[in-house]
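Student: I would like to learn to read a fold feature by feature. Where do we start?

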Amino acid sequence: MSEPLHQRPANGQHAARESREGWPDTECDSRSLGTGAPDGEETPACGSQSAPGRGALVVERLSAGYGGLAVLHEVSLCVKPGELVALIGPNGAGKTTLLRALSGLLPCTGRIQLGQQALQGRSPRQIVQAGVIHCPEGRQLFPDLSVEDNLRLGAHLRRDREAVEADVELVCELFPVLKLRLRQRAASLSGGEQQMLAIARSLMGRPAVLLLDEPSFGIAPLIVGQLFDVLRELNVQGLTALVVEQNAQLALAASQRAYVLEEGRIALHGPSAELAHHEGVRAAYLGL
Ligand SMILES: Nc1ncnc2c1ncn2[C@@H]1O[C@H](COP(=O)(O)OP(=O)(O)OP(=O)(O)O)[C@@H](O)[C@H]1O
Ligand SMILES: [Mg+2]
């Protein structure tokens, strides 16, 4: 693949493999395998300084809900350039709500920063233009449009038409089954193929940060494994992503760091390999 389908981390920085030189320890402190900070205190997940590197998604004290229902309570987290970060938690914890708030689909309070850009209060369109691309729960494809048209819609804010054409080819290399189905209606694809299309459509926007909600939902384990193989490969090439996933085992295996969201609060966070051995996580999310 000649050029990656996402914005490269600044300065070739790849958080998964390279040192975190230049990052304050409070920023994305992966050593803090602890509970979220009590209300009113600085959470150890993110410090108050903004990220020095371009492209880090920093969320501070984000609260959101629906009408009178408060769902998220001062959630703080960050995703460094090149990181794949997992967000796990039980049904109803607020994972989808968080991604909706980050995408501008839901009003929220708190601070959302992508590098030097403040995103809170911006429209969904402006947030996509900033590079935060949401691959939603339930895929939300355009069922009556072709696979190809769905892909092109993922690039509808881009003006670099030649590069868009090249990216259609690239996503078809990533997911060869899509190339065979380019003229087919999206609705005629299998569930796994639809999920591939949804991810491919998001990649067509060249995300600086991909927000991916439940990629494994309703899909056969074999296909889920293939999807995560592709995600891991994209991450090795530099894709930055926040992945919400009910399959905690898979999510922890694929990610460098993870956050556990419970009842709208970050209950735990740390390196995924350490969380996978955490007694509470093993009991609650890994069935061990
Ligand atoms: N549109 C809505 N209107 C009112 N309440 C909502 C709405 N969407 C979600 N909720 C409520 O917000 C809470 C969090 O829901 P959310 O979908 O964010 O959870 P989740 O962690 O993504 O769960 P799941 O793992 O089942 O996808 C739940 O109590 C849910 O009932
Ligand atoms: Mg959800």
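Tutor: With strand pairing. Strands of a sheet pair through backbone hydrogen bonds, either parallel or antiparallel. In this predicted model, strand 1 (residues 57-66) and strand 2 pair in the antiparallel sense. The pairing runs over 7 bridges.

Student: Which residue in strand 2 stands opposite Tyr-66?

Tutor: Leu-69 is the residue opposite Tyr-66.

Student: How many residues lie between strand 1 and strand 2 in the hairpin?

Tutor: The hairpin has 2 residues between its strands. Look at Gly-67 in the turn: its phi is positive, about 55°.

Student: What joins strand 1 to strand 4?

Tutor: There are 6 bridges between strand 1 and strand 4 (residues 108-114), and the two run antiparallel.

Student: Do strand 3 and strand 8 run parallel or antiparallel?

Tutor: Parallel. Strand 3 (residues 84-88) and strand 8 (residues 241-244) are joined by 4 bridges. Leu-84 stands opposite Ala-241 in strand 8.

Student: Next, the core. Which residues touch the most other members?

Tutor: The general idea comes before the case. In soluble globular proteins, nonpolar side chains tend to be buried together. Here the largest nonpolar core has 76 residues, and Leu-57, Val-132, Ala-200, Val-209 and Leu-211 touch the most other members. Follow Val-209. Setting aside neighbours within four places in sequence, Val-209 is in contact with Leu-57, Val-79, Leu-114, Gly-131, Val-132, Thr-240, Ala-241 and Leu-242.

Student: Last, the ligand. How many residues surround ligand 1?

Tutor: A shell of 13 residues surrounds ligand 1. The closest are Tyr-66, Asn-91, Lys-95, Thr-96 and Thr-97. By class, the shell divides into 4 nonpolar, 7 polar and 2 charged residues.

Student: Which element gives the most to that shell?

Tutor: Helix 1, with 3 residues. Strand 2 (69-79) and helix 1 (95-102) each supply at least two.

Methods. Residues numbered from 1 in each chain as written. Chains lettered and ligands numbered in written order. Predicted model: local features only at pLDDT ≥ 70, side-chain atom pairs only at ≥ 80, totals over all residues. Near = placed C-beta within 6 Å. Nonpolar A, V, L, I, M, F, W, Y, C, P; charged D, E, K, R; others polar. Core = buried A, V, L, I, M, F, W, Y, C linked by C-beta atoms within 7 Å. Buried ≥ 20, exposed ≤ 12 C-beta atoms within 10 Å, placed from the backbone. Contact = placed C-beta atoms within 7 Å. Pairing = 2+ DSSP bridges.
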